[in-house]
Amino acid sequence: MKNNRFINALLRQPVDKTPIWLMRQAGRYLPEYRKLREQAGAFLTMCKNPELACEVTQQPLRRFELDAAIIFSDILTIPDAMGLGLHFVTGEGPQFSKPIRTAKDVNNLMLPDVEEKLSYVTDAIKLVKHELADSVPLIGFAGSPWTLACYMIEGGPSKNYQIIKKMLYDAPELLHILLEKIPQATITYLNAQIDAGADTIMVFDTWGGILSTAAYQEFSLAYMTKIIAAIKHERAGVPIPNIIFTKNGGNWLETMLEANSNAIGLDWTIDIGTARERVGDKVALQGNLDPNIMLSNPKKIRQQAELILQDFGAHPGHVFNLGHGITPEVPPENVEILVNHVHEYSAQFHAASPSKA
């Protein structure tokens, strides 16, 4: 790999600069993405066309000196492959026409044939790997079982998640049956991504933070732990590190160590220096700039990035990222300012490093 900073940082090895990539870095803030989306006609059309997904994946790397690519896809590919009727409604986001509500729904839910139903993702990964020519690592990903269950049961985004939480309290055994099925598909799916060429795996637990501490451990973390234990950790002797990210999960860092992941992603609600003190040298940390700062001016963006780099300090194991996905309103020029400044400013913290990539 010509630029291996990202992988080295996840493995807590020396780097010459702090690596940076951005959640949703391939998306609506880029005019070239919006143009392609208009031509394609629908988000899912782009996801399910390997050539289009390959193109979108590369778009941000043509503009910015990012240290990793992430395959253009969606966390809801697995429930879509299960036949729940995924579609996207303008202004409302993803919706399922066949949500899971009853014991019959759960018991009748069939595990998808990943090779058949999700080959468009692995085909896209193969195309991207060829186009990247080992310039930077490629991230594969999936949603956490709890987060997928939220969408599958609620039928789409929710303000309060009353339906799934009612099931959690009134029928926990039924919810566990569903949560046991999802990892079976997820493990196969992620291993297929690794076989296709993904260099890193990330598990997005977008809605884990809505749970109580005890419920988080039982209904979210336990299933992410199962996934991390079962996915491949190397390919042809080369490590394939992994990251888990629970939005609003800063209170549970010590507990999250139980997942045995290589890295923990942080949102912006926790100080990264405090987080590093709490986890010590056990894992790398990824994060954690407030995404809305990207709507501010260049001086503020640089200042806030510097504070995060200073808080983490001269220690191995930091991947710079936003605390959640980049928003559509962000000017691309601000992304360039952030990426370049993180590289330039962070070099001082790695001055003694023997690594140049």
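Helix α15 (residues 298–312) gives the most to the lining of the second largest pocket, with 4 residues. Helices here are DSSP runs of H or I with at least four residues, strands are runs of E with at least two, and both are numbered from the N terminus. A pocket is an open set of points on a 1 Å grid over the protein atoms alone, where a 1.4 Å probe fits and protein lies on both sides within 12 Å along at least five of seven lines; lining residues have an atom within 4 Å of a point. Please keep in mind that this is a predicted model, in which local features need pLDDT of at least 70, side-chain atom pairs count only at pLDDT 80 or more, and totals for chains, interfaces and linings use all residues. Residues are numbered from 1 along each chain as its sequence is written, and side-chain values use heavy atoms, leaving out hydrogens and water.

The lining of the second largest pocket includes Trp268, Asn288, Gln304 and Asp311. For the largest pocket, Arg24, Arg28, Phe43, Asp74 and Phe88 lie nearest the centre, among 42 lining residues.

| Pocket | Volume | Lining by class |
|---|---|---|
| Largest pocket | About 1300 Å³ | 23 nonpolar, 13 polar, 6 charged |
| Second largest pocket | About 160 Å³ | 7 nonpolar, 2 polar, 3 charged |

A volume is the space filled by probe spheres set on the grid points, which are joined across faces, edges and corners. As for the classes, Ala, Val, Leu, Ile, Met, Phe, Trp, Tyr, Cys and Pro count as nonpolar, Asp, Glu, Lys and Arg as charged, and the others, Gly among them, as polar.

In the largest pocket, α3 gives the most to the lining, with 3 residues. At least two lining residues come from each of α2 (31–40), α3 (43–48), β2 (86–89) and β3 (93–96).

Now to the cysteines. The whole structure holds 0 disulfides, a disulfide being a pair of cysteine sulfur atoms within 2.5 Å. The closest cysteine sulfur to that of Cys47 is in Cys54, 14 Å away, so the two are too far apart for a bond. Cys47 is buried, at 2% relative accessible area, and Cys54 is buried too, at 6%. Buried means under 20% relative accessible area, exposed over 50%, and partly exposed in between (1.4 Å probe, protein chains only).

Lastly, His176 lies in helix α11 (residues 172–196) and is buried, with a relative accessible area of 19%. Leaving aside residues up to four places away in sequence, His176 touches Glu218, Phe219 and Tyr223, where contact means heavy atoms within 4.5 Å.
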